[in-house]
Amino acid sequence: RPDIMLNFDKDFPECHVIHMNTNYRSAGRIVSLADVLIKENKERFPKQFLSFRGQNGVEGRVECVERKGKLEEISYVTGKIQQLHKSGIPYSDMAILYRTNELVNTPATALAAAKIPFHANDKIKSIYDDWIYQTIACYTRLGLGEGTKADAMFVLNRPNRYLSGKRFAAIPYEEEAYKRLVKTLFATRPTWALDAAYKSVREMFAFFGPGKLSGDMPASEIFRRLSGKKSLHFEKYLLKYAEDRKMEPDDLLGQFQALRSDAEKCETITAWMNHAKRAVLVMDNLNKKKEKNGVWLSTMHGAKGLEWSTVFIIDINKGIVPHKKSADDLLGLEEERRLFYVAMTRAKDNLYLLSTKGKRSPFLDEIENGGGKKILRESFTMPVIGATVRHPIYGYGIVTDYQDGDVTAEFAGE
């Protein structure tokens with residue numbers, strides 16, 4: 001914590017203070033924007049950060065990217081990584097940074113699906129190895145007539161039906177058996193409670209009763225029954241789940257949408273269930289392999305002391321950056337701002353700041369309102385390696401080099 005040192009010169013008046021304010025890593029625009037951000041902190045030594053490379057004409061590129069949701073955000077990142085890699089930037093010189101480890105599943109799954117190698121210091125769990133998919137898989141097996149008693153108990157109160165697990169574990173997964181037990185359990189309760197319990201049981205068996213699904217049905221049918229006008233309203237359940245546990249719902253909803261997107265790419269339910277098994281095996285193998293030549297996945301804390309040519313910071317949203325536990329505490333908020341500054345200055349040349357539309361972090365507002373808008377606008381005037389350009393004769397191409405105002409690009413067929 002810097003506040004420990006703030007009174008050092010008063011406690012030791014004979015000391016000589018040297019301000020280390022030159023950044024030798026990051027290009028000019030990256031340092032300028034990071035400086036705009038960190039100046040919002042009050043508990044710090046007053047100084048202006050300068051970029052050594054910026055003073056020598058290397059401005060770099062910064063983009064603030066807003067997308068509709070988590071899935072669209074990660075889709076942009078994977079597409080941009082592929083584009084930059086084609087232009088010559090090694091995968092190992094790119095990184096995706098996030099605030100907490102809970103946010104890694106979706107980008108890791110997307111990279112694996114796109115066959116982009118990646119590396120992480122911590123073990124990454126596939127979204128197909130998490131409880132949301134496990135719930136969907138249990139419903140699916142029950143609907144196919146292949147479910148077990150354990151499957152029925154796993155989904156009994158997902159969403160919450162206020163049914164006793166112990167009592168229902170003793171009966172078969174059959175609609176009439178469930179209704180009889182509901183009648184017994186709710187006999188002394190108000191009529192509305194009995195009606196609500198009956199309704200929840202009817203809906204569960206209408207959508208996922210034995211034989212209600214077949215393996216050759218489109219996999220998207222599962223999600224229509226889970227989340228739609230007439231469905232189990234599973235997304236509402238995820239929102240309530242997050243609210244009750246004081247969690248940010250975006251990651252849960254992002255996982256659900258990622259699973260739905262994968263399912264829509266598979267022709268049948270059987271194909272999707274097989275894809276899920278393969279995805280878990282692929283992620284396990286990747287965790288064991290520790291691919292050092294891949295894109296780095298790291299928390300902001302884990303990235304301290306590291307650097308990459310290109311950095312993507314994802315989920316820069318309220319409640320995540322700054323973390324909700326620190327948002328109402330001045331010292332905690334300043335520590336979060338310092339952490340975000342560290343994440344930004346891991347980038348040497350290209351920095352992409354990604355947020356969800358309508359949920360963007362106040363830190364992004366601070367950057368723009370503090371003079372960052374002009375810097376961001378200028379960033380778009382400079383061709384960046386990997387950017388798409390259009391030539392009047394050769395058509396569309398990709399920028400492969402930019403030196404002293406000269407642009408080199410590759411065009412299709414050339």
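**Cavities and cores**

Tutor: Going by the grid rule, there are two cavities of 30 Å³ or more. A cavity here is a set of points on a 1 Å grid over the protein atoms alone where a 1.4 Å probe fits but cannot get out, and lining residues have an atom within 4 Å of a point; points are joined across faces, edges and corners, and the volume is the space filled by probe spheres set on them. Keep in mind that this is a predicted model, where local features need pLDDT of at least 70 and side-chain atom pairs pLDDT 80 or more, while totals for chains, interfaces and linings use all residues. Residues count from 1 along each chain as its sequence is written, and side-chain values use heavy atoms, without hydrogens and water.

The second largest cavity holds about 30 Å³. Its lining is Y98, N101, V104, A120, N121, D122, K123, I124 and L297.

L297 also turns up in the largest nonpolar core: of its 56 residues, I81, I96, L297, I313, F340 and M344 touch the most other members. Such a core joins buried Ala, Val, Leu, Ile, Met, Phe, Trp, Tyr and Cys through side-chain atoms within 4.5 Å, buried meaning under 20% relative accessible area (1.4 Å probe, protein chains only). Helix 2 (residues 28-38) gives this core the most, six residues; helices are DSSP runs of H or I, at least four residues, numbered from the N terminus. M344 has contacts (heavy atoms within 4.5 Å) with I30, L33, A34 and L37, among others, leaving aside neighbours within four places in sequence.

Notes. 1 Å grid on protein atoms, 1.4 Å probe; cavity = no way out; pocket = protein on both sides within 12 Å on 5 of 7 lines; lining within 4 Å. Buried < 20%, exposed > 50% of the residue type's maximum accessible area, 1.4 Å probe, protein only. Helix = DSSP H or I, 4+ residues; strand = E, 2+ residues; numbered from the N terminus.
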